[in-house]
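Dear colleague,

Please look through the sequence and the model before you read on.

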Amino acid sequence: LYAQPTFTFDQRTKGVITSGNWKVGKLVTVKISNFGSTGLTYKISYKAEERVNESGLTIFREQAGALDPRFSITGAGEYSYLSLPIENKDYSIITVEEYEGNNLRDKQAYTFRNQGGIKFDVSTGFFVTGLKDESYIIKSDSALNKGIITKEASGDIRVGLGVLAHLHSRLKGVFNVGVAGGFELDNDAKVGYIAGGSLFIGQDQKFVLSSGVVFGKRATISNAYSEGQIVDLSLSVIPTVDIWDESWFVSLTYNF
């Protein structure tokens with residue numbers, strides 16, 4: 001499914017030929033071809049780079065330390081240098097430096113997008129949940145000279161902002177899938193705690209569609225009353241209490 005990757009640097013033309021798939025865990029073979037001078041020395045460096053969310057949250061960027069070997073070639077032809085393990089990060093960067101003695105003649109860096117492995121991401125955006133506060137009114141019944149407790153029609157959803165942390169796949173294309181956890185905050189400063197799955201659209205900057213379950217508090221009628229109950233008109237406010245509940249959520253967030 002994933003062909004072994006190779007990186008071949010042509011000493012004569014300074015061109016690069018690559019093949020295979022840059023999959024996390026594979027070994028990439030680095031070669032120099034058409035070598036025609038024994039007076040040159042080459043330094044090959046490898047590092048891996050992670051692209052992360054930097055949108056006002058904790059900024060972090062991890063990079064693997066570069067290898068620092070240098071080797072001299074004593075004969076012409078093709079020289080196979082190293083087999084380097086591809087790290088669990090977004091990109092592999094191979095740098096080729098050409099020296100004549102101690103003088104740096106040329107330096108080129110080549111970047112390749114990795115596949116496979118698991119990536120951590122953070123996204124922020126808009127949330128819609130079913131954790132809606134309930135409110136009640138008293139409808140007057142003139143025949144009874146009483147009031148009837150009636151649930152107010154205020155919709156079945158609440159909207160808020162939130163943050164999700166994701167673990168997701170690192171596939172070749174623009175679509176990836178993963179699991180998510182985080183929280184959302186509505187206009188009344190009520191927090192909902194979230195778990196679910198996500199679909200990522202994009203590569204470095206991604207739109208994220210997520211759905212799953214949300215746990216949080218919502219207002220409902222006090223146990224002392226019930227919907228449809230007949231009460232005196234002197235009662236002006238139906239008391240409510242906050243209870244823990246669960247419901248659904250959907251979100252559209254963005255990973256910078």
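**A hairpin and the core beside its residues**

In strand 8, the residue that bridges to Val96 is Gln108. Before going further, please note that this is a predicted model, in which local features need pLDDT of at least 70 and side-chain atom pairs count only at pLDDT 80 or more, whereas totals for chains, interfaces and linings use all residues. Residues are numbered from 1 along each chain as its sequence is written, and side-chain values use heavy atoms, with hydrogens and water left out.

Strand 7 and strand 8 run antiparallel and are joined by ten bridges; strands here are DSSP runs (E, at least two residues), numbered from the N terminus, and two of them pair if DSSP finds at least two bridges between them. In general, strands of a sheet pair through backbone hydrogen bonds, either parallel or antiparallel. The hairpin of strand 7 and strand 8 has two residues between the strands, and Gly101 takes a positive phi near 70° there.

Val96 also belongs to the largest nonpolar core, which has 18 residues and in which Phe7, Phe9, Trp22, Tyr42, Ile94 and Val96 have the most contacts. A nonpolar core is a set of buried Ala, Val, Leu, Ile, Met, Phe, Trp, Tyr and Cys residues joined through side-chain atoms within 4.5 Å, where buried means under 20% relative accessible area, exposed over 50% and partly exposed in between (1.4 Å probe, protein chains only). At least two residues of this core come from each of strand 1 (6-10), strand 3 (27-35), strand 4 (40-49), strand 7 (91-100) and strand 8 (103-113), and strand 4 gives the most, with five residues.

The loop between strand 1 and strand 2 (16-19) holds Lys14, which has a positive phi of about 65° although it is not a glycine. Lys14 is partly exposed, with a relative accessible area of 29%.

**The barrel**

Six strands form a closed barrel in the order 9-12-13-14-15-17, with antiparallel pairing. From one strand to the next the twist averages 30°, taken between axes that are lines fitted to C-alpha atoms (for helices over the stretch in contact), with angles that run from 0 to 180 degrees between N-to-C directions.

Strand 9 (residues 118-129) is joined to strand 12 by twelve antiparallel bridges, and strand 9 also has six bridges to strand 17 (residues 240-255), again in the antiparallel sense.

Strand 12 (residues 158-169) pairs in turn with strand 13 (residues 175-186), antiparallel and over nine bridges, and Val163 has Phe183 of strand 13 as its bridge partner. Strand 12 also contains His166, a buried residue with a relative accessible area of 1%. Although His166 and Asp121 lie 45 residues apart along the chain, their C-alpha atoms are separated by 5.1 Å.

Gly202 and Asn176 are 26 residues apart in sequence, and their C-alpha atoms are 8.3 Å apart in space.

A separate description applies to the three strands that form an open sheet in the order 10-11-16, with antiparallel pairing. Its edge strands are strand 10 and strand 16 (230-231), each of which pairs on one side only.

Strand 10 (residues 136-141) and strand 11 (residues 146-151) run antiparallel and are joined by six bridges, with Asp141 opposite Lys146 in strand 11. In their hairpin, which has four residues between the strands, Asn145 takes a positive phi near 55°. Strand 11 is joined to strand 16 by two antiparallel bridges, and the bridge partner of Gly147 in strand 16 is Val231.

**The cavity**

How many cavities of 30 Å³ or more does a search of the whole structure find? The search finds one. The largest cavity has a volume of about 120 Å³. Among the 14 residues that line this cavity, Asp90, Arg113, Arg170, Asn176 and Gln203 are the closest to its centre. A cavity is a set of points, on a 1 Å grid over the protein atoms alone, where a 1.4 Å probe fits but cannot get out, and lining residues have an atom within 4 Å of a point. Grid points are joined across faces, edges and corners, and a volume is the space filled by probe spheres set on the points.

By class, the lining of the largest cavity has seven charged, six polar and one nonpolar residue, where Asp, Glu, Lys and Arg count as charged, Ala, Val, Leu, Ile, Met, Phe, Trp, Tyr, Cys and Pro as nonpolar, and the others, Gly among them, as polar.

With best regards

Technical notes: 1 Å grid on protein atoms, 1.4 Å probe; cavity = no way out; pocket = protein on both sides within 12 Å on 5 of 7 lines; lining within 4 Å.
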